Amino acid sequence: MVRIAPSLLAADFLNLASEVDSVEKAGADILHIDVMDGLFVPNIAMGSNVVSALREHTSSELDVHLMIENPERYVADFCKAGADMLSVHVEATTHLHRTIQLIKSHQVKAGVVLNPATPASMLNYVIDDVDFVLVMTVNPGFGGQSFILKMLDKIKAVRRLIEASGREIDIEVDGGINAKTLPLCREAGATLFVAGSAIFNEQDRELAINRLKGI
Ligand SMILES: O=C(CO)[C@@H](O)[C@H](O)COP(=O)(O)O
């Protein structure tokens, strides 16, 4: 099954509520929220106040991607704001295992994010603890970038690791996902697909999501 998580970074922020309504009506499965601190990535976006406003507006699952240094400082805030899934980058936190446990202590699904240059092997000692893995298929920070084809090898490597662990956890992919790149990622083993421009740049959101789902 293909599950689609529209990335709200590409939405019209002046009309966020109606943007959310439009993608939910069109068949979005999860909402993806990018949090950026201007340090870990060269851009700034969305704090926990945005997550709590969304939480009041929708019952959709909220997938919060922390692109921030020392994310453990803000885990409690984002969990209390209403995140259902919270992911952190390997390079951003000194004690990755501890940060994963911290997220889980809030009964929120914990994810680990791999940047394009980060090897799948960084997951070796946390694979039994994480609830999902997010493979970045562009360098994080901005929407509208081109998919990095080499990431297909990494998705396959992560899939092998997950299979060896005997667990059933999602591989989420994010960056340059469209109707051409999604099937390649799916074939490689991805199960959850974040898409920003491929959805929000289209007037007809239902057509855009159906195209991604291959309907
Ligand atoms: O995390 C990020 C960017 O850092 C993504 O979620 C983008 O927002 C995806 O946008 P598209 O590549 O689909 O336009």
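**Exercise 1. Contacts and overall form**

Task: In this predicted model, what share of the contacts with a separation of 6 or more comes from residues 24 or more positions apart? Then describe the protein as a whole.

Solution. 
Step 1. Residues 24 or more positions apart supply 62% of the contacts in the protein that have a separation of 6 or more.
Step 2. List the elements: the protein contains eight helices and nine strands.
Step 3. Along the principal axes, the C-alpha atoms fill a box of roughly 45 × 35 × 30 Å.
Step 4. Of the 215 residues, 44% are buried.

**Exercise 2. The annotated active site**

Task: Which residues does UniProt list for "active site", and why can they be said to gather at one spot?

Solution. 
Step 1. An unreviewed UniProt entry lists Asp34 and Asp174 under "active site".
Step 2. These residues span 141 residues in sequence, yet no two of their C-alpha atoms are more than 10.7 Å apart, so they gather at one spot.
Step 3. Place each residue in its element. Asp34 belongs to strand S2, residues 30-37, and Asp174 to strand S8, residues 170-174.
Step 4. Decide whether each is buried, which requires 20 or more other C-beta atoms within 10 Å. Asp34 has 24 C-beta neighbours inside 10 Å and therefore counts as buried. Asp174 has 27 such neighbours inside 10 Å, so Asp174 counts as buried too.
Step 5. Look up the contacts, leaving aside neighbours within four places in sequence. Asp34 is in contact with Ser7, Leu9, Ala45, Met46, His65 and Met67. For Asp174, the partners are Leu134, Met136, Thr137 and Val194.

**Exercise 3. The annotated binding site**

Task: At which residues does UniProt place the feature "binding site"? Is His32 buried or exposed?

Solution. 
Step 1. The unreviewed entry places this feature at His32, Asp34, His65 and Asp174. Although these residues are spread over 143 residues of sequence, they cluster in space, with a largest C-alpha distance of 10.7 Å.
Step 2. His32 is part of strand S2, where Asp34 is also placed.
Step 3. Around His32 there are 27 other C-beta atoms within 10 Å, so His32 is buried.
Step 4. Not counting residues up to four places away in sequence, His32 touches Ala5, Pro6, Ser7, Leu8, Asp63, His65 and Val194.

**Exercise 4. The shell around the ligand**

Task: How many residues surround the ligand, and how do they divide by type?

Solution. 
Step 1. The ligand is surrounded by 22 residues, the closest being Ser7, Pro140, Gly143, Gly196 and Ser197.
Step 2. Strands S2 and S9 and helix H7 (197-200) are the elements that give two or more residues to this shell.
Step 3. Sorted by type, the shell has nine nonpolar, eleven polar and two charged residues.

**Exercise 5. Two sides of helix H6**

Task: Repeat the analysis for helix H6. Which of its residues are buried, and what do they pack against?

Solution. 
Step 1. H6 covers residues 181-188, and Thr181, Leu182 and Cys185 are its buried residues.
Step 2. Their arc around the axis is only 100 degrees, which puts them on the same side of H6.
Step 3. The face turned away from the buried side carries the exposed residues Pro183 and Glu187.
Step 4. The buried residues pack against helix H5 (151-165), S8, strand S9 (192-195) and helix H8 (205-213). Of these, S8 is the strand in which Asp174 lies.
Step 5. Gly189 follows H6 and has a positive phi, near 125 degrees.

Conventions:
Residues numbered from 1 in each chain as written. Predicted model: local features only at pLDDT ≥ 70, side-chain atom pairs only at ≥ 80, totals over all residues. UniProt positions renumbered as here; feature names shortened; annotations may be inferred. Helix = DSSP H or I, 4+ residues; strand = E, 2+ residues; numbered from the N terminus. Buried ≥ 20, exposed ≤ 12 C-beta atoms within 10 Å, placed from the backbone. Contact = placed C-beta atoms within 7 Å. Arc of directions from axis to C-beta. Near = placed C-beta within 6 Å. Nonpolar A, V, L, I, M, F, W, Y, C, P; charged D, E, K, R; others polar.
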